[in-house]
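Subject: the structure you asked about

Hi,

Here is the structure I promised to pass on. Have it open while you read, and my notes follow just below.

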Amino acid sequence: MHVGNARYLTESDLPETLGVFPLSGVLLLSGGHLPLNVYEPRYLSLIDDALKGTRLIGIIQPDLSETEESPSGHPELCKVGTIGRITTFGETGDGRYVIDLSGVCRFRLIDELQTTQAYRKIKIAPFISDLHEPEDDPAVNRDNLLHAFRSYLDANKLEVDWEAVIKTSNRTLVNSLAMMAPFGAPEKQALLEAPDLKTRAETLVAMTEMVLARAFGDVAKTLQ
């Protein structure tokens with residue numbers, strides 16, 4: 001996996017601990033890009049420290065089912081998130097940072113660490129298989145995915161550069177559509193935790209069909 005100016009090939013290329021930015025309803029996947037407008041002091045500190053070191057931070061959702069707080073006094077976190085590398089960075093002049101995160105791979109949360117930092121830190125187990133995911137996985141039903149995507153755009157009177165979409169690899173297509181899809185936090189987490197690209201694509205199609213069915217009735221007619 002080549003991300004920015006770095007290459008991540010084995011577990012030794014990734015940290016064992018990670019500062020995290022918990023964000024509800026936000027999804028970052030391998031090869032994807034997530035722009036962030038950072039203004040809270042604790043997350044400004046997170047970005048400062050990341051830039052001094054590996055340039056890596058974790059994006060993870062607050063736990064979707066629990067209301068209890070963790071021992072740190074913060075809401076519990078989901079068990080799976082994504083490592084992101086800061087690939088662009090800018091200062092706004094009014095105390096904010098504008099950054100772009102590029103997805104490296106998913107991780108499983110092992111434990112939350114006690115820290116004197118303003119932000120939260122966790123021990124992680126990276127999904128090493130994400131680093132070697134093929135760009136054009138033949139198991140992905142690309143035609144089915146594009147058909148569902150086109151139907152969603154047509155139903156909502158939206159346009160897209162289809163020439164660019166057609167040239168996109170299966171991996172980029174699936175992960176980009178999953179990230180931009182207008183789904184809620186549980187659906188985003190389900191897409192994140194899909195075991196492989198084929199399953200993520202199938203889940204994305206199924207979710208799109210359900211959205212169209214709720215909004216427009218007979219999904220079979222809508223998708224024709």
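Start with Arg 106, whose side chain has a polar atom 2.9 Å from the backbone oxygen of Leu 192. The backbone oxygen of Ala 194 also lies 2.9 Å from a polar atom of that Arg 106 side chain. Bear in mind as you look that this is a predicted model.

Where does Arg 106 lie? You'll find Arg 106 in strand β7, which covers residues 97-113. Is Arg 106 buried or exposed? Its relative accessibility is 4%, and buried means under 20%, so Arg 106 counts as buried. Leaving out residues up to four places away in sequence, Arg 106 touches quite a list, including Ser 30, Val 80, Phe 127, Glu 193, Pro 195 and Arg 200.

Asp 130 is on that list of contacts too, and the side chains of Asp 130 and Arg 106 meet in a salt bridge, 2.9 Å from N to O. This pair links distant parts of the chain: Arg 106 sits in strand β7, while Asp 130 is in the loop between β8 (120-126) and α2, 24 residues apart. Asp 130 is buried as well, with a relative accessible area of 4%.

One joins the side chains of Arg 171 and Glu 133, at 3.4 Å from N to O. Arg 171 belongs to helix α4 and Glu 133 to the loop between β8 and α2, so this pair ties together parts that are 38 residues apart in sequence. Arg 171 is buried, with a relative accessible area of 4%, and Glu 133, at 17%, counts as buried too.

The other is between Glu 202 and Lys 198, whose closest N and O atoms are 2.7 Å apart. Both residues lie in helix α6, 4 residues apart, which is about one turn of the helix. Back at Glu 133, salt bridges that share partners join Glu 133, Glu 135 and Arg 171 into one network.

Now zoom in on α4, the helix that holds Arg 171. α4 is mostly covered, with 8 of its 11 residues buried. Among the buried ones are Asn 170, Leu 173, Val 174 and Leu 177.

Leu 177 turns up again in the second largest pocket, where Leu 177, Phe 149, Tyr 152, Ala 181 and Pro 182 lie nearest the centre. The volume of this pocket is about 180 Å³, and 14 residues line it. Which helices each supply at least two residues of the lining? They are α2 (142-155), α4 (170-180) and α6 (197-216). The largest share, 5 residues, comes from α2.

Terms used
Residues numbered from 1 in each chain as written. Predicted model: local features only at pLDDT ≥ 70, side-chain atom pairs only at ≥ 80, totals over all residues. Heavy atoms only, no water. 1 Å grid on protein atoms, 1.4 Å probe; cavity = no way out; pocket = protein on both sides within 12 Å on 5 of 7 lines; lining within 4 Å. Points joined across faces, edges and corners; volume = space filled by probe spheres on them. Buried < 20%, exposed > 50% of the residue type's maximum accessible area, 1.4 Å probe, protein only. Polar contact = N/O pair within 3.5 Å; in protein donor to acceptor, adjacent residues only side chain to side chain. Contact = heavy atoms within 4.5 Å. Salt bridge = Lys/Arg side-chain N within 4 Å of Asp/Glu carboxyl O.
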